[in-house]
Amino acid sequence: MKKKHPQSLMMSFGHRPNAHNGAIKCPIYQSSTFVFPSAEIGKRQFELAYGLDESRENDESLFIYSRLNNPTLEVCEKRLALWDKAEDCALFSSGMAAITTAFFSFLKPGDLLLHSHTLYGGTSHFIAEILPKLGVKTLSFSPNESKEQILHRLAKSGEEANLKMIYAETPCNPTLELVDISMLRDLADESISSQEIIVAIDNTNLGPVWQEPLSHGADLVLYSATKYIAGHSDVVAGACLGKASLMQTIRTMRTFLGNMTDPNTAWLVSRSLETLKVRMDQQAKNAQKVAEYLQDHPLVEKLYFPGLLRPADGEQYEILKRQCLSGGAMISFDIKGGENEAFEFLNGLKLIKLAVSLGSTESLAEHPASMTHAGVPKEERQAHGITDKMIRLSIGLEHYEDIINDVKLGFSNIRNVEKEELEFAYDVFSIEM
Ligand SMILES: Cc1ncc(COP(=O)(O)O)c(C=O)c1O
């Protein structure tokens, strides 16, 4: 029989109403501990949970304690795993909890972490400030470097034999350049490292609907589920997915760090999964319209949006075609002028809210240089194109005409503008939509 699409399973997978008084929705199991039917069965549950014995065919997996597992989390984890075609998924209290647990699970003193630049500010801080204190070495690469260039730098670093993890965010934030996941897989396979290398991808910016890192060779997928997955700016959560063998290590670390999510949050995430595809598809359609409006705007100096890549853009276009099902719903642009003009634009918005985060039902705008990426040193920001005139938009579910009108309001709030540019900014819907 043909397999069902994930969106068809989000309302039912992993939950049997008959076992729950007919409740169509999975109940919130607000319970810290679970009663064992017998001491023997309780003993067996711990043997399995702590990996003290191999699992056998007739082993029954029961719940023990909500730091290890919980039925409401389990339903959500099973459903989330369907999108990425992952063998297992673990939910976390935040995206940062998922990411740092992946680092703690696989990196030890002396190991080398190779990572893409630029990353989400929190991840970037953890890599720059905390991993070195734990004896982990780090080396970064930029999205436009080829495999050969990266391998060459790795060899020159003298640390290639210690390479343990390759970590990337694609598209990068906020410049939205794409990183080739299959190239990273090849790099891991070709490296002379003496260790088994884990390729871990933060898929927050396009996943899980528009990009499946595991099918391009990644070992682990990480999410800030706070973004598209939960999608309503009302919860903070994270997730890690991958092969069962790797996930066992992640789950064990989660048990001891105690940074799983709680049953209420897991329930809200499950509820959001029911509408994930329709939300993300509509957000992408809206973003395409907004980006098309911005691309010819006289007050926009440079536009960053994967959905407008063309064959002339070379490798970036090739990666988009190979790896992504959409250009996503985030748009960055450099406004003509500097920080002043960027702030005037942001202060002029009404419908689009001035807030960090992304992937939610409402459109958001922010200033990366002074907000999400304020912790990145200025020279590094400039080297990676995060200018003081850059604005990042996350496009939501409002009607795209209203979003574009609000963007026009933002432009019209800029004082130092030529007359014809102002007319363009006010020119409501002279362009065909
Ligand atoms: C790409 C990316 N990864 C990870 C995170 C961290 O997620 P959280 O805020 O849920 O901890 C964020 C947060 O903005 C993000 O944008």
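1. Strand β4, covering residues 163–169, runs parallel to strand β5, residues 198–202, and the two are joined over five bridges. To find this pairing on your screen, look for M165, which sits opposite I198 of β5. Please keep in mind that you are looking at a predicted model.

2. Now zoom out to the sheet that holds this pair. It is an open sheet of seven strands, ordered β1-β7-β6-β5-β4-β2-β3, and its pairing is mixed. Which strands stand at the edges? They are β1 (88–92) and β3 (137–141). Each has a single partner strand, so one side of each lacks a neighbour in the sheet. From one strand to the next, the twist averages 20°.

3. A helix accompanies this sheet. Helix α8, made of residues 244–257, lies across β1, β6 (220–224) and β7 (238–242). The direction of α8 is at about 20° to that of β1.

4. Helix α8 also meets another helix, α4. The axes of α4 and α8 come within 9 Å and cross at roughly 110°. A crossing angle from 65 to 115 degrees counts as roughly perpendicular, and α4 and α8 are therefore roughly perpendicular to each other. On the α4 side, the residues that meet α8 are T101, A102, F104 and S105; on the α8 side they are T249, I250, M253, R254 and L257. Sorted by class, this contact has five nonpolar residues, three polar ones and one charged.

5. Next, the ligand. How many residues are around the ligand, and which come nearest? There are 16, and S94, G95, M96, Y120 and S224 come nearest. Two elements each give two or more residues to this shell: α4 (95–106) and α5 (121–130). By class, the shell has 11 polar residues, three nonpolar and two charged.

6. Some backbone details deserve a look. Most residues other than glycine have a negative phi, and most peptide bonds are trans. The bond from N173 to P174 is cis, with omega near 5°, and P174 is in the loop between β4 and α7 (181–190). Another cis bond leads from G207 to P208, with omega near 0°; P208 belongs to the loop between β5 and β6. Finally, N21 has a positive phi, near 55°, and is found in the loop between α1 (6–9) and α2 (39–49).

7. How far can you trust the picture? The mean pLDDT of the protein is 94, and 96% of its residues reach 70 or more. Over residues 428–433, however, pLDDT stays under 50, and the model has six contacts beyond four places in sequence for this stretch. Where pLDDT is low, the predicted coordinates should not be read in detail.

Definitions and conventions
Residues numbered from 1 in each chain as written. Predicted model: local features only at pLDDT ≥ 70, side-chain atom pairs only at ≥ 80, totals over all residues. Near = placed C-beta within 6 Å. Helix = DSSP H or I, 4+ residues; strand = E, 2+ residues; numbered from the N terminus. Nonpolar A, V, L, I, M, F, W, Y, C, P; charged D, E, K, R; others polar. Pairing = 2+ DSSP bridges. Axes fitted to C-alpha atoms, helices over the stretch in contact; angles between N-to-C directions. Contact = placed C-beta atoms within 7 Å. pLDDT = per-residue confidence, 0-100. Parallel < 35°, antiparallel > 145°, perpendicular 65-115°, else oblique.
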